[in-house]
Structure formats: C-alpha cells, structure tokens
4 protein chains.
Amino acid sequence: MDYVTVRYVAKKPKLNNPILIEGLPGIGNVGKVVADFIIEKLKAKKLYEFSSYSFPHSVFVNEKNLIELPKIEVYYKEMKRKKHDLLLLAGDIQPIDEESCYAFTDKLLDICEEFGVKEIITIGGIGLQAIPKKPTVFCTGNSKEIIARYKKGTGINEKLYGVVGPIVGVTGLLLGLSEPRGIPAIALLAETFGHPMYLGVKGAREVLKVINKKIGLNINLKDLDKEISSLEKEMLKRTEEFSNISKRSAFKKLKQKLKEETSYIG
Amino acid sequence: MDYVTVRYVAKKPKLNNPILIEGLPGIGNVGKVVADFIIEKLKAKKLYEFSSYSFPHSVFVNEKNLIELPKIEVYYKEMKRKKHDLLLLAGDIQPIDEESCYAFTDKLLDICEEFGVKEIITIGGIGLQAIPKKPTVFCTGNSKEIIARYKKGTGINEKLYGVVGPIVGVTGLLLGLSEPRGIPAIALLAETFGHPMYLGVKGAREVLKVINKKIGLNINLKDLDKEISSLEKEMLKRTEEFSNISKRSAFKKLKQKLKEETSYIG
Amino acid sequence: MDYVTVRYVAKKPKLNNPILIEGLPGIGNVGKVVADFIIEKLKAKKLYEFSSYSFPHSVFVNEKNLIELPKIEVYYKEMKRKKHDLLLLAGDIQPIDEESCYAFTDKLLDICEEFGVKEIITIGGIGLQAIPKKPTVFCTGNSKEIIARYKKGTGINEKLYGVVGPIVGVTGLLLGLSEPRGIPAIALLAETFGHPMYLGVKGAREVLKVINKKIGLNINLKDLDKEISSLEKEMLKRTEEFSNISKRSAFKKLKQKLKEETSYIG
Amino acid sequence: MDYVTVRYVAKKPKLNNPILIEGLPGIGNVGKVVADFIIEKLKAKKLYEFSSYSFPHSVFVNEKNLIELPKIEVYYKEMKRKKHDLLLLAGDIQPIDEESCYAFTDKLLDICEEFGVKEIITIGGIGLQAIPKKPTVFCTGNSKEIIARYKKGTGINEKLYGVVGPIVGVTGLLLGLSEPRGIPAIALLAETFGHPMYLGVKGAREVLKVINKKIGLNINLKDLDKEISSLEKEMLKRTEEFSNISKRSAFKKLKQKLKEETSYIG
C-alpha cells in the first residue's frame, strides 16, 4: 500500500462539469454534517475510497458489530438538467500530519483534474465561545471571481481578514493547492460553538442554504434535524472515536519523542 | 535494513490450512499471555523474526545477562490430525506509530498469504475500572461468518458496538487489512483491569478456553497460573521496560518541559 | 510535489557576484523585519517560491480576503554600479523540523551556487530578558575572514562564544552547510526582547546600519518605524498566526492531554 | 545529502585487528569523557565525520567564535606492538530518533566491517540517585565469551539483569546490531550520579582502568581530572547545548503534532 492509495468501487462515470464539495471532520463537524446530509438526500453513489499508512492505525466496530478501517471517500451524483454534476468528499478522519495532508490533497486534486472538476467548495466551522443564535456564513477562496459569484444573492460575508487564523487541514489546503492548477475554490465557513462535543447542525443548515441556492440541489432542509439524529449518530461516533485515538496517538508519539531525554543508560 | 525486515530462523515448513493467532503486548497483556502460553505448551518452533528501524532504538539485558534487540516473532506448530496448523505472532513490542504499524501488518499479511493462512485470530483486552470477577470475552471481526462460527458453543459476546472505542495497533489493523485480501479474521477481546501494571491472566484464560474449544489445542489450562509465574515473568518484564521507556519517564520529563521557556537565536 | 519544490515566477536574471541575505521569522522577527524592509525599499523582484509538504498544512486569509499558502520566497535586486547584486530570502515560516530544515537549506544552497552567490548574510535576534536600550549587533560565521571584514568600521561584536546557545533553523544551518561548499557566510544577530509578541525593530535597525554600510544599500533608515507599521503589519500577522498554531494552542492542549488516561483495546 | 553521510578527512589507513570504542553523549557523559580523553592522550587522528538530516538543525559557536555543525566523528590510532589498533567514536550528539539511530548504527557497522573491526566496546553510565563514592563498572554484551574475557582480572560486574532498564541509543544498538554480523561487543557501564548537570568523571576513570588493563593503552589516569577541566569544558558545553536544543526541538515537534487537535477552522 502506497502513502495514499485510491480504490475505485464503481465504474468511472463521465461527469458534466463537476463541482467537488468537501466535508471532512473539523470544528463542529459542520463540513461533515453538510457532506453526509447531501450524500444521503441525493442518494449519491460511492466512487472511490482513500486509504493511507498515515491514517489512524486502528479499526472501529460498526453498528453491525463488524470492524471497519478509517476511510475517506468520494461520492458522485449526476444532476440531470443542472449545470454541474457533483463529487462529494466525506469521511471519518483528516490525514494526521503536514506531509500526509499535503500528499492526500495533491492526490485528490489529481483525480479532480481527471474528472474535469470546474470548481471546489470546502466547508468548515468557525469556533465561537458560545452557541450562535443565527450563525453567519463567511467565505474566502483562491480568486475574487468565485467569491463574488457565491456572495451574489446569498448574503455570505467575505470579510474574514483578521477574523480567523489559518484554515487548517484539507479544508484549507484544497483552496491553496488548487490555485496553481487553475481550479477556482471557495471555503464556506459557518459560525458554530467551538466545544469539541458540539455538533454544528445550525451552522450546517446555513451552509446548505447557500449551496442549495447557488448549485440547485433541491434539498428540503426541514429534514435536517430529523435526519441528523438517525443518520449522523453513527458517523459522528466514529469521527469522535478516531479523533480521540489520533489525540492519543499524537500523545504517544510525543512520549516516544521525549523518551530520548529521559534517564537512560548509554 | 529495510523499513520492516524479516529473517527466517527455520526452514519454511509446508503448513496445513494454517490459522494465525496474534498476541502482542497491549491492555493487560491478554494477547501476549495467550500467545506465549500456547507457544510454550505446544512447543511451537520459531519460524522468523521481524526487525524494524521503527522499533525502539534500545536493547534489554536478558536473564543470561546478554543483550537482545526488541523483536516480534512468528512461531509455527504442525497440528497432526487437526484441521489447521498454527502460526503464532508474539513479541516484546508493538510498532511505534501509524506508518510502521501499517507497514508491519501488511508485511505480515504478505507472509500469511504465502503460507496460505485461512483464518486470523487477534487477541486483546478491554480495560475496565476494576478487576473483573469472571471476565467476559467479546468478539468482532471482518465477516459475519467467522463471528457466527466462533460464537457457536462458546458463549462469546459479539455486541461490541458502542461498548468499545477503536481497536488500536496490530490487533486492530490485522482485522481491517486482511479483509480486502479475503482472509476472515476475528478479534477475541477479554475484559481485564485497565491498570498498566495488571497482568490479565484471568482474561487470558477465558480466551484460551475459546480457542481450545474451537481449534482443539488440547492444552491443560490448569497450568496457566503456575506457568505464568515462571514463564511470563521474564517476557513481561521486557514488555514493561520497553513500554516504560515510552511512557512513564516521558510523563515526568513532559511536566518538566512544560515549565521551560524556549528562547533561542534564529 | 517534492519534499521541497521551487517555482520560478520571473525569468532567471544574470546576477553580478550576488550576496544572499536571509531574513526568516525568528526571535523578535529581527531577520524578517530586515529582509522585508530591504525588499520594499529597493523594490526587489520576486524570483522564486519554495513550497514543501513539510510546511504548515494550512492557509491564511490575506488583506484581500483571499487565501495564501505559507511560503518562503527569494527576491533579487540588481545593484547598478555596486560590487554585488542581492538575493533576499523572506517568508512567513521556517521549515518545521530537522529534516525539512536541512533539505530546505541544501536546496537553497544548490540554487545559490547556480547564481554564483559569493557571500551569505543570515540575520537573527538574541532574546534578552528586557528591552535593550541600544541593541548590540553580534556576529559569527564560517570563516575568520568574513567576520574580520564585517567588523571593520561597524563595531559589531564577534565575542559570541559562551554568550549564546546554538543558532537554530535556516539562520544557523545556512552558515554550517555553506562552509563545505566554499561560500563564506556571516550571521548578524541583534539583541532584542525575547518576548514572543515583541517586534525587534530597534535590533533590525542596527543590523540594517551594518548592512547599509558594508554593502551600500543607500536605504534611508528614518522610514523604518513609519514603514514598519504599514508594511510589516500584515506580514507579521501571518507569521504570528502560523507560529501560534504550532505553539500557543498546543500548550493548552498539552496540559489537557496530561490529565487524560490512555485506555484502549489492543 | 543522504540520510546519513560519511566524509573521510584522512586517507584510509590499514588497521590491525581494530577495536571500536564508542563514547557518545549520555548519562553523566561517561562514554564521552572516556572517548574524548583517549583521543586526546593517544593523539588519535580524525578519520571520518558523519552528518545527517536527522541531527539537530542548528550550529554552535566555538571558542574561536566560528560556527560548527553538530558532528559525530571516528578517530583512529595505530597501536604499535599491540594486538589491536583502535577506532574511536566520539561526538556532540546522538541521533535524534528511532529511525536515525538505527540508520546511523548500521552505517557505522558497515564501515566497521570494511576495516575488519574485531570487537566493539560501548561505554555508558548508570544513573544513581546520589553520587557514588566508588562507582562500580557493570558489563553486558552480545556473547558470553567477550563478557568472560573482560571480567577476567578486572572485577567488573556482569549481573545487570534486573538492575537496569533498556540500554538506549547507539550504545545499545551497537551491541544488538553487531551480533548478526558476528562482531562480539561489550558495554561497560559505570555508576554515576543521574543528574543532567553532573559530569561522570569518577565513573569514566573506572571504565578507563578496565580498558587500560585489557587493551593496554598505557594512559596515565592521574591526568584525568586536570585534563578534564581544560579539555572537556568546550566539548561538554556543546553537548549540553545540543541536548537542550534537541529537547526543545522534540518539544516543538510535539507541539506541532498536537496542533491538529487544537481549535482550528475546517
């Protein structure tokens, strides 16, 4: 198995000007809720899976009492009579460190180019100290043009400069690494409560409204709260577990690292 | 020396539908006690050793006052008149991080395929807050079929979903990575006391009962307590030492480090 | 993308006996202030950019509300009627660890040799417990000759032995790795306040005086304070942000982590 | 530059059944004091230097106010009319982690074989809670034969089993990795005070007595205390500095690692 491995689980479709929507675990799991919800409602099909030696070295027990490796997956949905088909990036985890995150994102972009991806939307949360009543959706991106286009008619706020620190992980790198490839990319970042246990459903709804309007998903958002309780419970459980394990794993690594300075013989 | 190196110490035997039993250090050392005990009682022969640049960079002093490198080893036992010969994975350590754990497990599975391994059993502990009176053995695996087969007549409990977090290390990855290779694998996880110094002999006995019954080892478990004191003392000492250099001392140093200021030139 | 990637953004100029001046983030950001100020005042042109899988895996939002990847860049300036053209190394970050720092510095030196670099100046701060009234500039280097030459007429102090610990990062490695390549290199290290939030403008001015005198930049230093407020604000913000994701928050989490128990299955 | 690079600084000599003596930084710097003292007294010549991308990414300022990269070096001494010539391994640092320590030790052993090394002596300290009045020298090794030979007439104690934990770093790995190559190796470990600032000169003297007697160095140990103050001051300074920096560096790495779990956007 290579550093990042791709396994196709469906025949490669011919997609019409596809847009990639990224929704991996992160603050409030805003991106994950959005991506998983779209996949569910549109009955998107799984296209390929990523594995990596740099994913957590563990398996979890699923609701069928069978084990599963941590995965990042890409789904697709042909949108008849729309301008763009969809590719959706979802998963249990984010790559664990700098190198694996760069390697993963570059590999993903290679495949995006193969499918002729025209645009990328990454989704994340902005962690606040308290639960926001009506979460604002902010945006930034790698070109003025895509930002202007998404702002039009949605009221999203592009004034992020000075408001947030760096955008970390795949959500951030996808914006940066797609630029030299000439793929316009935008990040939709919803305010949410920054507590590790908080699920940013409200923020996710605001992001979904924006995407619904601009891409035309025709999804009924009323189901979100209902769906979330049944649909996301399992998936979020995994994410939480892997998050715990990768904390532990990072911790173990640091202990390993620090052991060289401990009292030893030699 | 490669990332993971294999050195054969015996001529490759022709094995009859072998089952691999994994028992590396972990919670309560349940797996290690089981594997070491079976190797001892069946007088299994050492077949090959793994070394790795990612094992601890240290040696320990054995009971002969000679040094030994940390090792992971595979033993085999031809089981005359039984359906399956045995391969047993035992050792002082687990690979230290994500990458080395994936690389090790993949290498091990390559060799499993070479020997035509038909089934894999991994063994671990589930750490409880107190010493369990009669430890329950739980199971999970990569197919419904193998779970059903091992449950039959043993009373082991497959309801692990929601009971445990991820299964970490070789014990977990062996289940996950054997699946795409088409090798059925099951984990037998015994309850034990989650204290780092506790030796899960009771849990190990429950797991041994299951294996004894399903595979037919004909091992007398009455010896376990007796044997354990002489047999395991040395081996567990090593495991504890290697575990300690990566844990205990690091903790102390870590606290110290936290007080330090890092002011340097640059 | 390779471990370290170089992307030229201008046609390779033919430079006249160029001197490389390094000014990456560090103590008091003395080096960064100097390099960014020279680039601004001399209107130096960007020549190439470094990217690396070992840079922070994140993007920041700039003053145009667009994202940017963390970058290290080289600028050049043809100095008509002077003995030496200039190459200037500036950026948001330093490579994150030993290996990436060595790899980066070696790559940089390869390019230096390509352009026939005759001399290297690295710039850093020496962190004091208090704000120095008149910061002393110290120097060290990889040959007696270059030190003697820069001391002449500038009053910089070469008595660094016993005064400072190791010089860490690119600022240090450039001195060490250029020596076997036969490139003389000097470090100019100005006293500054060692507080993470302190901007060593005073120390930077003293270093600029030395460089101005020895290389003849004809820069008016009176503008430094004025310029700094407009020019550096943005750039230093980035540096601080990138530095923060690897520092401040880690500290908090670290303390939390220390309380956690790591009980897992395996 | 490769992972580990070797640079010869003298013409390869033809050595007579050489013994390698290792004395890198460690507990009480016992090994380093012994190796540096032998090199000085025998006027051993430098043969080659190791560099590595995994050494600390920093330089120190030496007593001539010039910078130096961290180095590990091998010296040699032709011992006329003796049975064995000498190779001496000395340096400012130990490789920083598992992989670089294995890679370094394997590279070193490759060169040992090239020179026909017949025997290896590694030297270390055993850290006690208090300053020992008369430090005992313990030994262990990779064969009964070499231990028996060195015990004869020296009174060193081989009963290390249960007394010490793992022997970490080059001092340990040299014993373990030389065994499959068929090179007998012994560790001489002197009791010393386990405080980071304590210099184990007393323990070093006891080790020197053993080596003096068994190999016949004809070194006058009376000079040790005197020499130490002038000779070692500079070298130990470096070691201490690099030790601090590699602690800091390890600490930075862990912060880097932990930053993925901190509150970020995405």
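In chain B, the loop between β1 (4–8) and β2 (19–23) contains B:Asn17, where strands are DSSP runs of E with at least two residues, numbered from the N terminus. The model is predicted, so that local features need pLDDT of at least 70 and side-chain atom pairs count only at pLDDT 80 or more, while totals for chains, interfaces and linings use all residues. Residues are numbered from 1 along each chain as its sequence is written, chains are lettered from A and ligands numbered from 1 in the order in which they are written, and side-chain values use heavy atoms, with hydrogens and water left out.

B:Asn17 is not a glycine, yet its phi is positive, at about 45 degrees. In chain D, the loop between β4 (58–61) and β5 (67–68) holds D:Asn65, which is likewise not a glycine and has a positive phi of about 60 degrees. For accessibility, buried means under 20% relative accessible area, exposed over 50%, and partly exposed in between, with a 1.4 Å probe and protein chains only.

| Residue | Phi | Relative accessible area |
|---|---|---|
| B:Asn17 | about 45 degrees | 32%, partly exposed |
| D:Asn65 | about 60 degrees | 8%, buried |

Strand β9 of chain B, residues 137–141, is mostly covered, with five of its five residues buried. In a regular strand the side chains alternate between the two faces of the sheet. On one side of β9(B) lie B:Val137, B:Cys139 and B:Gly141, on the other B:Phe138 and B:Thr140, and all are buried. Strand β9(B) runs antiparallel to β11 (residues 185–193) of chain B and is joined to it by five bridges, where pairing requires at least two DSSP bridges between two strands. Within β11(B), B:Ile186 is the bridge partner of B:Gly141.

Terms used. Helix = DSSP H or I, 4+ residues; strand = E, 2+ residues; numbered from the N terminus.
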